[in-house]
Amino acid sequence: MTSPHDSQQVAASSSEPNLLVIAPPGCGKTELLAMRAVELIPRLRTHQKILALTFTNRAKANLSERLRQLLGPHRFRRYVTVHNFHGHATDLIKSHGRTLGLDPAALTFPTTQTLSKALKELSADADANRAAEELLGKVKREVRNDDEVAAALDQFGDALAVRVERERVSRGQLHYDDLLRHAQQLLRIDEIANLYQQHYGAVLVDEFQDLSTQQLDVVLRTSTTWRTFAGDPLQGIYSWAGADPANVEARLRALCGQPVELTVSYRSSPAVLGVVNRLAATMGAKPLTAYDPDAWPNGGAAAALAFGDRAEEADFVCTTAATIAAADSAASIGIITRSAGRRTVIDQTFAAMPDVLCRRWDLAIDDPLVRDRIRSVVFGLPRGATVDDARHAALKALDPSDIDTAEDLGNAFDQLTEQGGGDASVRQVLSRFRHADDSDIAVGPGVHLLNAHTGKGQQFDWAFVCGLEVGQVPSYFAKTPEAVAEEKRVLLVMLSRARHGLVVTRVHTANGRYGPFQVDASPWFADLQPSAVVNSEQLTGQIDALYQSRDVEETSRY
């Protein structure tokens with residue numbers, strides 16, 4: 001058995017002021033960042049704090065919880081601030097926006113949907129809207145003030161992008177990409193940068209491969225000492241959102257020198273790692289080994305299965321997931337597809353299985369963190385409070401700089417309104433939503449329905465990765481070698497969510513507008529099959545044996 005903390009401890013206690021850690025999925029990245037915080041606190045000057053930066057609310061919650069556990073609540077509050085990147089940018093604008101001519105008190109801070117809604121008000125052409133949104137994102141990821149943005153848009157000649165930007169400026173609004181752009185501008189003012197550098201004596205960056213060069217610049221200007229970057233270039237799947245993994249990694253290697261590499265998985269069974277390693281090897285990765293391989297019954301399970309059509313696939317996946325959920329009430333089961341549309345038949349099949357409670361990750365109201373926040377607000381409202389009353393109270397109580405939570409709450413209340421209307425009793429509408437768990441953790445027991453990007457950073461006892469067909473994995477939209485390479489990384493992310501068991505599936509036919517048609521297997525499906533050696537009958541037998549043995553063990557305790 002590999003010593004559990006060798007590489008982690010080397011990284012955590014490193015005396016390097018700039019540290020790069022390559023942490024493949026399941027290799028203890030969150031634990032390492034928390035351990036690093038413990039080591040860095042004594043190195044801070046008086047009144048300094050550590051800034052931890054993440055990309056999503058889920059990642060923020062995961063990292064905050066582990067830091068709180070390791071440091072204790074008091075030391076966590078005293079020494080650590082955890083922000084999403086856009087939350088950090090919003091704080092900068094609220095504190096120093098007047099330097100750029102902004103009035104923070106008069107600003108309505110944007111969500112990820114603010115720009116797309118503004119474009120739809122001006123144009124019904126979806127392709128034109130998409131092109132304008134991509135151009136605006138590209139232009140605003142450079143160091144530009146409003147006048148320079150306008151000049152760049154004029155040069156590109158996209159009339160819709162020019163118009164929506166002019167209207168934004170005339171109304172004194174911000175779009176989501178403006179947050180990081182203004183934050184970068186502010187941190188290029190030495191006096192402002194110095195304030196943050198004096199306040200933050202260290203910075204921890206989670207998932208460095210998802211950084212844009214703009215975000216990297218914000219990090220480097222926020223703190224100049226004890227900078228730690230942890231992540232995995234083979235999990236870089238956000239180039240469409242501006243991430244630049246190759247350039248960011250090159251810059252970090254130049255800054256930090258030789259990285260510390262983690263190769264021991266604390267998450268996955270040997271069977272799961274066999275599949276993950278086989279795909280990762282084609283991308284030049286070192287193989288991962290299970291921390292305690294003997295702890296996994298039968299070494300875990302891995303299967304690559306082909307079905308006639310999506311109905312047959314859905315029947316097997318849903319029946320097998322239901323069997324696991326019934327046998328082990330604590331098991332988490334992830335059903336993961338490249339996109340939500342590929343999961344339609346599976347979702348419909350689960351909808352016809354009322355005894356199986358599912359969480360749909362595309363529904364904000366199914367997020368335990370969002371749901372618990374709404375419930376806490378509703379608890380303090382009169383019995384007859386409406387959905388609109390609860391929406392107003394929840395958003396009023398929220399820190400205005402927490403724009404990602406504001407968006408999640410807004411989406412959740414939109415879903416509640418769709419169920420009953422804004423003037424319906426919020427308690428009655430909430431009762432209509434059935435959940436697989438009521439815990440405050442990101443992944444609780446039960447079935448979870450999600451796509452590749454929303455599941456990044458999470459883990460499930462069992463993962464069913466469905467839809468390994470051409471057009472799905474890789475996506476039809478992957479037209480360049482770089483895009484196809486990113487699609488392979490997306491597949492690696494999906495596979496590596498599994499702890500005990502992993503099942504990958506494909507179908508031979510699908511239904512189209514003109515009837516059934518044949519679909520080809522993903523070029524990577526055959527690559528995985530030699531490692532995913534269990535067939536459907538063997539898989540079912542292993543599941544039965546696994547949970548029967550657990551029943552025997554539980555009974556023997558009494």
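A crossing of two helices is left-handed if the near helix is turned anticlockwise from the far one by less than a right angle, and right-handed if clockwise. Helices here are DSSP runs of H or I with at least four residues, numbered from the N terminus.

This is a predicted model, where local features need pLDDT of at least 70, side-chain atom pairs count only at pLDDT 80 or more, and totals for chains, interfaces and linings use all residues. Residues are numbered from 1 along each chain as its sequence is written, and side-chain values use heavy atoms, with hydrogens and water left out.

Let's start with the helix pair. H2 (residues 29-40) packs against H3 (residues 57-71) at an angle of about 45°, their axes 9 Å apart. That makes H2 oblique to H3 (angles under 35 degrees are roughly parallel, over 145 roughly antiparallel, 65 to 115 roughly perpendicular, the rest oblique). The crossing of H2 past H3 is right-handed.

Who touches whom? From H2, the residues in contact (heavy atoms within 4.5 Å) include Leu33, Met35 and Val38, and on the H3 side they include Asn62, Arg66 and Leu70. The residues of this contact split into 9 nonpolar, 2 polar and 2 charged.

Now the cysteines. With a disulfide taken as a pair of cysteine sulfur atoms within 2.5 Å, the count is 0.

| Cysteine | Closest cysteine sulfur | Distance |
|---|---|---|
| Cys318 | Cys358 | 7.6 Å |
| Cys466 | Cys318 | 8.5 Å |

Cys318 counts as buried because its relative accessibility is 0%, buried being under 20% relative accessible area with a 1.4 Å probe and protein chains only. Cys466, at 1%, counts as buried too.

Notes:
Axes fitted to C-alpha atoms, helices over the stretch in contact; angles between N-to-C directions. Helix = DSSP H or I, 4+ residues; strand = E, 2+ residues; numbered from the N terminus. Nonpolar A, V, L, I, M, F, W, Y, C, P; charged D, E, K, R; others polar. Buried < 20%, exposed > 50% of the residue type's maximum accessible area, 1.4 Å probe, protein only.
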